[in-house]
Amino acid sequence: MTAHVSLAPQDPAPEPDRPAGEPRWLDADEQRAWRAWLYSSQLLQDRLDRELTHETGISHAYYEILVALSETPERRMRMSELADTCLSSRSRLSHAVSRLEERGWVRRQVCPEDGRGQLAVLTDEGFAALEAAAPIHVESVRTHLFDQLSREQVEAMRDLGETLLRHLGPR
(Lines give C-alpha, C1' and ligand atoms only; values in the text may rest on other atoms or scores of the structure.)
Protein backbone atom coordinates (compact mmCIF):
# COMPACT_ATOMS: atom_id res chain seq x y z
CA MET A 1 0.00 0.00 0.00
CA THR A 2 1.46 3.35 -0.99
CA ALA A 3 0.76 6.27 1.30
CA HIS A 4 1.69 9.07 -1.11
CA VAL A 5 -0.36 8.23 -4.20
CA SER A 6 -3.45 10.32 -4.87
CA LEU A 7 -5.85 10.04 -7.75
CA ALA A 8 -7.81 13.07 -6.62
CA PRO A 9 -7.35 16.37 -8.44
CA GLN A 10 -5.48 18.99 -6.42
CA ASP A 11 -8.40 21.42 -6.32
CA PRO A 12 -11.67 19.48 -6.49
CA ALA A 13 -14.71 21.44 -7.61
CA PRO A 14 -17.04 22.63 -4.85
CA GLU A 15 -20.12 20.47 -4.45
CA PRO A 16 -22.63 22.79 -6.19
CA ASP A 17 -20.44 22.94 -9.32
CA ARG A 18 -19.74 19.21 -9.43
CA PRO A 19 -21.22 17.71 -12.58
CA ALA A 20 -23.59 14.80 -12.03
CA GLY A 21 -21.77 11.48 -12.00
CA GLU A 22 -18.41 13.01 -11.07
CA PRO A 23 -16.64 11.49 -8.05
CA ARG A 24 -16.89 13.40 -4.80
CA TRP A 25 -13.11 13.73 -4.32
CA LEU A 26 -11.71 14.08 -0.83
CA ASP A 27 -10.29 17.47 -0.02
CA ALA A 28 -6.80 17.74 1.51
CA ASP A 29 -8.05 17.65 5.12
CA GLU A 30 -10.31 14.66 4.42
CA GLN A 31 -7.48 12.86 2.63
CA ARG A 32 -5.12 13.39 5.61
CA ALA A 33 -7.82 12.29 8.07
CA TRP A 34 -8.67 9.21 6.00
CA ARG A 35 -5.08 8.08 5.62
CA ALA A 36 -4.18 8.76 9.26
CA TRP A 37 -7.18 6.73 10.42
CA LEU A 38 -6.61 3.92 7.89
CA TYR A 39 -2.89 3.48 8.48
CA SER A 40 -3.04 3.93 12.26
CA SER A 41 -5.86 1.35 12.45
CA GLN A 42 -3.86 -1.12 10.40
CA LEU A 43 -0.69 -0.53 12.42
CA LEU A 44 -2.60 -0.90 15.70
CA GLN A 45 -4.25 -4.16 14.61
CA ASP A 46 -0.88 -5.50 13.47
CA ARG A 47 0.82 -4.52 16.74
CA LEU A 48 -1.95 -6.02 18.88
CA ASP A 49 -1.84 -9.25 16.88
CA ARG A 50 1.96 -9.55 17.00
CA GLU A 51 2.17 -8.89 20.74
CA LEU A 52 -0.70 -11.21 21.64
CA THR A 53 0.64 -13.99 19.41
CA HIS A 54 4.19 -13.56 20.73
CA GLU A 55 3.16 -13.55 24.40
CA THR A 56 0.36 -16.14 24.33
CA GLY A 57 0.46 -18.06 21.05
CA ILE A 58 -3.09 -16.85 20.36
CA SER A 59 -3.69 -14.72 17.29
CA HIS A 60 -5.97 -11.72 17.62
CA ALA A 61 -8.54 -13.46 15.38
CA TYR A 62 -8.61 -16.52 17.65
CA TYR A 63 -8.74 -14.30 20.71
CA GLU A 64 -11.83 -12.55 19.33
CA ILE A 65 -13.55 -15.92 18.82
CA LEU A 66 -12.78 -16.93 22.41
CA VAL A 67 -14.04 -13.57 23.70
CA ALA A 68 -17.27 -13.79 21.70
CA LEU A 69 -17.96 -17.28 23.06
CA SER A 70 -17.07 -16.28 26.62
CA GLU A 71 -19.66 -13.49 26.56
CA THR A 72 -22.61 -15.70 25.60
CA PRO A 73 -24.87 -17.79 27.82
CA GLU A 74 -23.38 -21.24 28.34
CA ARG A 75 -20.33 -20.03 26.36
CA ARG A 76 -21.78 -21.31 23.09
CA MET A 77 -22.98 -19.81 19.83
CA ARG A 78 -24.21 -20.97 16.44
CA MET A 79 -21.30 -21.06 14.01
CA SER A 80 -23.11 -18.73 11.58
CA GLU A 81 -23.79 -16.18 14.34
CA LEU A 82 -20.19 -16.45 15.55
CA ALA A 83 -18.94 -15.76 12.00
CA ASP A 84 -21.14 -12.66 11.83
CA THR A 85 -20.03 -11.51 15.29
CA CYS A 86 -16.35 -11.90 14.36
CA LEU A 87 -16.85 -10.31 10.92
CA SER A 88 -15.59 -13.50 9.32
CA SER A 89 -16.69 -15.69 6.46
CA ARG A 90 -18.23 -18.97 7.51
CA SER A 91 -15.41 -20.96 5.90
CA ARG A 92 -12.71 -18.89 7.58
CA LEU A 93 -14.44 -19.23 10.93
CA SER A 94 -14.84 -22.99 10.45
CA HIS A 95 -11.10 -23.28 9.81
CA ALA A 96 -10.31 -21.17 12.90
CA VAL A 97 -12.65 -23.23 15.06
CA SER A 98 -10.94 -26.40 13.79
CA ARG A 99 -7.59 -25.01 14.97
CA LEU A 100 -9.11 -24.08 18.33
CA GLU A 101 -10.60 -27.59 18.61
CA GLU A 102 -7.10 -29.05 18.09
CA ARG A 103 -5.97 -27.07 21.13
CA GLY A 104 -8.95 -28.31 23.14
CA TRP A 105 -10.27 -24.76 23.58
CA VAL A 106 -13.47 -25.08 21.56
CA ARG A 107 -15.69 -28.00 20.67
CA ARG A 108 -18.50 -28.28 18.18
CA GLN A 109 -21.89 -29.70 18.96
CA VAL A 110 -25.08 -30.13 16.99
CA CYS A 111 -27.61 -27.40 17.65
CA PRO A 112 -30.30 -28.98 19.85
CA GLU A 113 -33.01 -26.61 18.55
CA ASP A 114 -32.95 -27.81 14.95
CA GLY A 115 -30.40 -30.62 14.70
CA ARG A 116 -28.88 -29.10 11.56
CA GLY A 117 -26.80 -26.17 12.72
CA GLN A 118 -23.57 -26.43 14.64
CA LEU A 119 -22.60 -24.67 17.81
CA ALA A 120 -19.12 -23.63 18.85
CA VAL A 121 -18.68 -24.18 22.58
CA LEU A 122 -15.88 -22.66 24.64
CA THR A 123 -14.31 -25.36 26.82
CA ASP A 124 -12.97 -24.80 30.33
CA GLU A 125 -9.46 -25.07 28.86
CA GLY A 126 -10.33 -22.41 26.29
CA PHE A 127 -11.74 -20.14 28.96
CA ALA A 128 -8.55 -20.58 31.01
CA ALA A 129 -6.44 -19.70 27.95
CA LEU A 130 -8.58 -16.59 27.41
CA GLU A 131 -8.24 -15.58 31.06
CA ALA A 132 -4.46 -15.90 30.79
CA ALA A 133 -4.32 -13.88 27.55
CA ALA A 134 -6.77 -11.13 28.54
CA PRO A 135 -4.38 -9.11 30.77
CA ILE A 136 -1.74 -9.14 28.03
CA HIS A 137 -4.24 -8.03 25.39
CA VAL A 138 -5.71 -5.29 27.60
CA GLU A 139 -2.27 -3.94 28.46
CA SER A 140 -1.38 -3.83 24.78
CA VAL A 141 -4.61 -1.98 23.94
CA ARG A 142 -4.00 0.44 26.80
CA THR A 143 -0.35 1.05 25.85
CA HIS A 144 -0.83 1.48 22.13
CA LEU A 145 -4.20 3.21 22.09
CA PHE A 146 -5.64 4.69 25.25
CA ASP A 147 -2.36 5.89 26.79
CA GLN A 148 -1.78 7.86 23.59
CA LEU A 149 -5.12 9.71 23.76
CA SER A 150 -6.63 12.41 25.94
CA ARG A 151 -10.03 11.88 27.59
CA GLU A 152 -11.53 14.15 24.94
CA GLN A 153 -9.99 12.08 22.14
CA VAL A 154 -11.34 8.87 23.69
CA GLU A 155 -14.82 10.41 23.80
CA ALA A 156 -14.47 11.57 20.18
CA MET A 157 -13.27 8.09 19.17
CA ARG A 158 -16.29 6.50 20.87
CA ASP A 159 -18.63 8.97 19.17
CA LEU A 160 -17.02 8.35 15.78
CA GLY A 161 -17.16 4.58 16.23
CA GLU A 162 -20.81 4.62 17.29
CA THR A 163 -21.73 6.87 14.36
CA LEU A 164 -20.05 4.51 11.89
CA LEU A 165 -21.57 1.45 13.55
CA ARG A 166 -25.04 2.95 13.16
CA HIS A 167 -24.31 3.47 9.47
CA LEU A 168 -22.37 0.28 8.70
CA GLY A 169 -23.71 -2.18 11.25
CA PRO A 170 -26.35 -4.83 10.71
CA ARG A 171 -29.68 -3.50 9.55
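Tutor: What follows is a set of questions about labels, each answered by setting a value against its cut-off.

Student: What should I know about the model itself?

Tutor: It's a predicted model, where local features need pLDDT of at least 70, side-chain atom pairs count only at pLDDT 80 or more, and totals for chains, interfaces and linings use all residues. Residues are numbered from 1 along each chain as its sequence is written, and side-chain values use heavy atoms, with hydrogens and water left out.

Student: Why is R24 called exposed?

Tutor: The scale comes first: buried means under 20% relative accessible area, exposed over 50%, and partly exposed in between (1.4 Å probe, protein chains only). R24 has a relative accessible area of 62%, so it counts as exposed. You'll find R24 in the segment before α1. Its C-alpha atom and that of E51, 27 residues apart along the chain, are separated by 39 Å.

Student: And what makes R50 partly exposed?

Tutor: R50 has a relative accessibility of 47%, so it gets the label partly exposed. R50 sits in helix α1; helices (H or I, at least four residues) and strands (E, at least two) are DSSP runs, numbered from the N terminus. The C-alpha atoms of R50 and E30, 20 residues apart along the chain, are separated by 30 Å.

Student: What makes α2 largely enclosed by the rest of the structure?

Tutor: Count the buried residues: eight of the 11 in helix α2 (residues 60-70) are buried, so the helix is largely enclosed. Those buried residues are H60, Y62, Y63, I65, L66, V67, A68 and L69.

Student: Why are α1 and α2 called roughly perpendicular?

Tutor: Axes are lines fitted to C-alpha atoms, for helices over the stretch in contact, and angles run from 0 to 180 degrees between N-to-C directions. Angles under 35 degrees count as roughly parallel, over 145 as roughly antiparallel, 65 to 115 as roughly perpendicular and the rest as oblique. The axes of α1 and α2 come within 9 Å and cross at roughly 80°, so the pair counts as roughly perpendicular. Contact (heavy atoms within 4.5 Å) is made by Q45, L48, D49, L52 and T53 of α1 and H60, A61 and Y63 of α2.

Student: How do you know that α2 and α4 are roughly perpendicular too?

Tutor: The axes of α2 and helix α4 (residues 90-102) come within 11 Å and cross at roughly 85°, so those two are roughly perpendicular. Here Y62, I65 and L66 of α2 meet L93, A96, R99 and L100 of α4.

Student: What makes L87 exposed?

Tutor: L87 has 79% relative accessibility, so it counts as exposed. L87 lies in the loop between α3 (79-85) and α4. Its phi is near 55°, a positive value in a residue other than glycine.

Student: Which residues lie nearest the centre of the largest pocket?

Tutor: W37, S41, L44, Q45 and L87 do, out of 37 lining residues. About 1500 Å³ of space lies in that pocket. The elements giving two or more residues to its lining are α1 (28-56), α2, α4, α5 (124-144) and α6 (151-168), and α6 gives the most, with eight residues.

Definitions and conventions: On a 1 Å grid over the protein atoms alone, a cavity is a set of points where a 1.4 Å probe fits but cannot get out, and a pocket is an open set with protein on both sides within 12 Å along at least five of seven lines; lining residues have an atom within 4 Å of a point. Grid points are joined across faces, edges and corners, and a volume is the space filled by probe spheres set on the points.
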